[in-house]
Amino acid sequence: MVALKSLAVSLASALTLANAQWGHGHGKGHSSNSSLANAPYKDPSVAIEDRITDLLGRMTIEEKAAQLMQGDISNWLNTTSGAFNETGLAVNFDQKAGMFYVGYPISWDWLATNIKRGQDYAVNETRLGIPTIVQTEGIHGFLIGNATLFNSPIGYACTFNRTQTQLMAEQIAREAKALGVNQLFAPLADLARELRFGRVEETFGEDGYPAGETAKSYIHGLQSLNV
């Protein structure tokens, strides 16, 4: 039951992303899924619950399992040389189709090109054409060289300036979205009440109220740009 709920949440996110890529009656994809062009799950005018139900009913056990697995851009991109591995791309989406991680110190061009390769493969070359979630870090800036770097979370939380926190998160989301990233591992809303916790500097402190308010502002900033 927990796995099914997790899958439903993952598919809801994917279908929300898909609205920008599909139009009802204009489903795109590999020839093997051309018969699904008018499927209810591809129609953004259908209620999201009904779209998920329709999609779940079409999925094999293997496809459901793959949607719960995190892939990695390094499966098709050599992060040292920039070489592209076409076989690695196919294997990744056969086994780990739901999302892939991209947090590597590589050039913007390499990252954007290979995010697009992954997303295009998911939409156009898989049976159901489900878009994938692209993930990286964003705790106080988008994780890539020369992105805007902000103060550490425990630092900006001290200001308790919710407006500026939201504006900061909007900028982080803007930079991530420009390269095709649509999910950031942030914010961290744990409370810093145990100093042996290895991520104290990523928290908003020990007090639940300012931590919660800061996290809320951060989330609103990211989600305002659909990240």
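Trainee: Is the crossing in which α4 passes α5 left-handed or right-handed?
Mentor: The crossing of α4 past α5 is right-handed. That term applies if the near helix is turned clockwise from the far one by less than a right angle. Keep in mind that this is a predicted model.

Trainee: Which residues of α4 and α5 meet?
Mentor: From α4 come Leu89, Ala90 and Phe93; from α5 come Arg117, Gly118, Tyr121 and Ala122. Sorted by class, this contact holds five nonpolar, one polar and one charged residues.

Trainee: What makes α7 oblique to α8?
Mentor: Helix α7 (residues 162-178) and helix α8 (residues 208-223) meet at an angle of about 40 degrees, their axes 7 Å apart. Since roughly parallel requires under 35 degrees and roughly perpendicular begins at 65, the pair counts as oblique. The crossing of α7 and α8 is right-handed.

Trainee: How many residues of each class are in the contact of α7 with α8?
Mentor: On the α7 side are Arg162, Thr165, Gln166, Met168, Ala169, Glu170, Ile172 and Ala173, and on the α8 side Tyr209, Glu213, Thr214, Ser217, Tyr218, His220, Gly221 and Leu222. They divide into seven nonpolar, six polar and three charged.

Trainee: Why does Gln67 count as buried?
Mentor: Buried means under 20% relative accessibility, and Gln67 has 4%, so Gln67 counts as buried. Gln67 belongs to helix α3, residues 61-67.

Trainee: Which residues is Gln67 in contact with, leaving aside its neighbours within four places in sequence?
Mentor: They are Leu7, Ser10, Leu11, Met59, Ala97, Gly98, Met99 and Ile130. Contact here means heavy atoms within 4.5 Å.

Trainee: How many helices and strands does the protein chain have, and how much of it counts as buried?
Mentor: The protein chain has eight helices and four strands. Their order from the N terminus is α-α-α-β-α-β-α-β-α-α-β-α. Of its 227 residues, 41% count as buried. The chain exposes about 11600 Å², with 54% supplied by carbon and sulfur atoms.

Methods:
Residues are numbered from 1 along each chain as its sequence is written. This is a predicted model: local features need pLDDT of at least 70, side-chain atom pairs count only at pLDDT 80 or more; totals for chains, interfaces and linings use all residues. Side-chain values use heavy atoms; hydrogens and water are left out. Helices (H or I, at least four residues) and strands (E, at least two) are DSSP runs, numbered from the N terminus. Buried means under 20% relative accessible area, exposed over 50%, partly exposed in between (1.4 Å probe, protein chains only). Accessible areas come from the Shrake-Rupley method with a 1.4 Å probe; for residues, only the protein chains shown count as cover. Ala, Val, Leu, Ile, Met, Phe, Trp, Tyr, Cys and Pro count as nonpolar, Asp, Glu, Lys and Arg as charged, and the others, Gly among them, as polar. Axes are lines fitted to C-alpha atoms, for helices over the stretch in contact, and angles run from 0 to 180 degrees between N-to-C directions. Angles under 35 degrees count as roughly parallel, over 145 as roughly antiparallel, 65 to 115 as roughly perpendicular and the rest as oblique.
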